[in-house]
Amino acid sequence: MTTQVKAISSAAEYVRAPLIYKGKVRELYDLGEHFLIVVTDRISAFDYVLDPAVPDKGNVLNSLSAFWFQLTEDIIANHVVHTDVYKLGDLITEPELLKHRVTVTRKAERIDMECIVRGYITGGGWRQYEKTGAINGDPLPAGLRKNEKLPEPIFTPSAKNDIGHDEDISFTEMSKRIGKELAEALRERSLALYNFAHAYCLEKGIILADCKFEFGIIGGEIILIDEIFTPDSSRFWAEDKFAYDIEIDSMDKEPVRAYLLGSDWDQESKPAPLPQHVVEETTARYRSIYNRLTGKEF
């Protein structure tokens, strides 16, 4: 793929199907029997969708999810039918533009929980631990250091809210809301997925610090949906940059966050458009994590 890639802020003009949901990055179209997910290049930070879009971001996210869905299908079934834009015929007016961005999926009943697994104590989990000695109300050993590997990965769910922030809840509360049997099944599958990917990533010199999953149900079967082990749903660290007690530079949209925090942005309104060098650096980050994890150039 060349470096001169057209950034796609929306696929609506290229898809001849009803757009039924537009997230910060993904767009969901109704194909009748199936859904079509198109991953755009929109980028968000601090709850704002920013301008301009970041070239290749959507290509990487969709391709990386497809890679992981295939790699983990022996652990749990997923929603993927295919990722071949040419099977969609005249539903797509510009197939070359969208060929790395599309996933046709089965229609599942979404379980309204974000299933988060933390193998290391950092980010929001660290901030909770500093204040309370616990994450989501579940106590952890005393004396842990920021970024430390936990004795065992922990499952820290949140209840999904389509408007506003998701709500951190305890496993006990999750069990009350969706039933103990389903909650235990989601925890078991989430931990199995994390352990598999953590071991895989270490072979590539990458630490998978934490990640989140979404699940759905089809015909009584729990399946994996949405995205999996992408820079937007997981925290990746280069193993050679690991250290305690610091903010480790994560392998994702960190250039955008760092730029905004170092600028004169008031943090109360949508930021001004990102400079070109920040956009280019962010594209490079997304391509790099794809290359390192898959061994393929993007």
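User: How many bridges join β9 to strand β12 (residues 149–155)?

Analyst: Strands (E, at least two residues) and helices (H or I, at least four) are DSSP runs numbered from the N terminus. Two strands pair if DSSP finds at least two bridges between them. β9 and β12 run antiparallel, and the number of bridges joining them is three.

User: Good to know! What sort of model is this, and from which number are residues counted along each chain?

Analyst: This is a predicted model, in which local features need pLDDT of at least 70 and side-chain atom pairs count only at pLDDT 80 or more, while totals for chains, interfaces and linings use all residues. Side-chain values use heavy atoms, with hydrogens and water left out, and residues are numbered along each chain, as its sequence is written, from 1.

User: Back to β9. Which residue of β12 is the bridge partner of Val117?

Analyst: Val117 has its bridge partner in β12, a strand that runs antiparallel to β9. That partner is Phe155.

User: Which residue of β15 is the bridge partner of Cys115?

Analyst: β9 and β15 pair in the antiparallel sense, over four bridges. Within β15, Cys115 is partnered by Phe213.

User: How many residues of strand β9 (residues 113–120) are buried?

Analyst: A residue is buried under 20% relative accessible area, exposed over 50% and partly exposed in between (1.4 Å probe, protein chains only). Strand β9 is largely enclosed by the rest of the structure, because the count of its buried residues is eight of the eight.

User: Let's look inside. What is the volume of the largest cavity?

Analyst: On a 1 Å grid over the protein atoms alone, a cavity is a set of points where a 1.4 Å probe fits but cannot get out, and lining residues have an atom within 4 Å of a point. Points are joined across faces, edges and corners, and a volume is the space filled by probe spheres set on them. The structure holds two cavities of 30 Å³ or more, and the largest has a volume of about 80 Å³.

User: Which element gives the most residues to the lining of the largest cavity?

Analyst: The lining includes Ile37, Val39, Asn62, Ser65, Ala66 and Phe69. Both β3 (35–39) and α1 (57–71) supply at least two residues each. With four residues, the element that gives the most is α1.

User: How many charged residues line the second largest cavity?

Analyst: Ala, Val, Leu, Ile, Met, Phe, Trp, Tyr, Cys and Pro count as nonpolar, Asp, Glu, Lys and Arg as charged, and the others, Gly among them, as polar. This cavity holds about 30 Å³ of space, and its lining is made by Glu114, Lys212, Phe213, Glu214, Asp226, Glu227 and Ser233. One lining residue is nonpolar and one is polar, while the number of charged residues is five.

User: Is Val39 buried or exposed?

Analyst: Val39 lies in strand β3. Contact means heavy atoms within 4.5 Å, and, leaving aside residues up to four places away in sequence, Val39 touches Val25, Arg26, Gly58, Leu61, Asn62 and Arg101. Its relative accessibility is 1%, so Val39 counts as buried.

User: What arc do the buried residues of helix α6 (residues 254–262) cover around the axis?

Analyst: Pro255, Val256 and Leu260 are buried in α6. They lie on the same side of α6, because they cover an arc (taken from the directions from the helix axis to the C-beta atoms) of only 125°.

User: Which elements do those buried residues of α6 pack against?

Analyst: On the face turned away from the buried side, α6 carries the exposed residues Leu261 and Gly262. The buried residues of α6 pack against β4 (43–45), β5 (48–50) and α7 (276–294).

User: What is phi of Asp56?

Analyst: Asp56 also lies in the loop between β5 and α1, and is buried with a relative accessible area of 0%. Its phi is positive although Asp56 is not glycine, at a value near 75°.

Technical notes: 1 Å grid on protein atoms, 1.4 Å probe; cavity = no way out; pocket = protein on both sides within 12 Å on 5 of 7 lines; lining within 4 Å.
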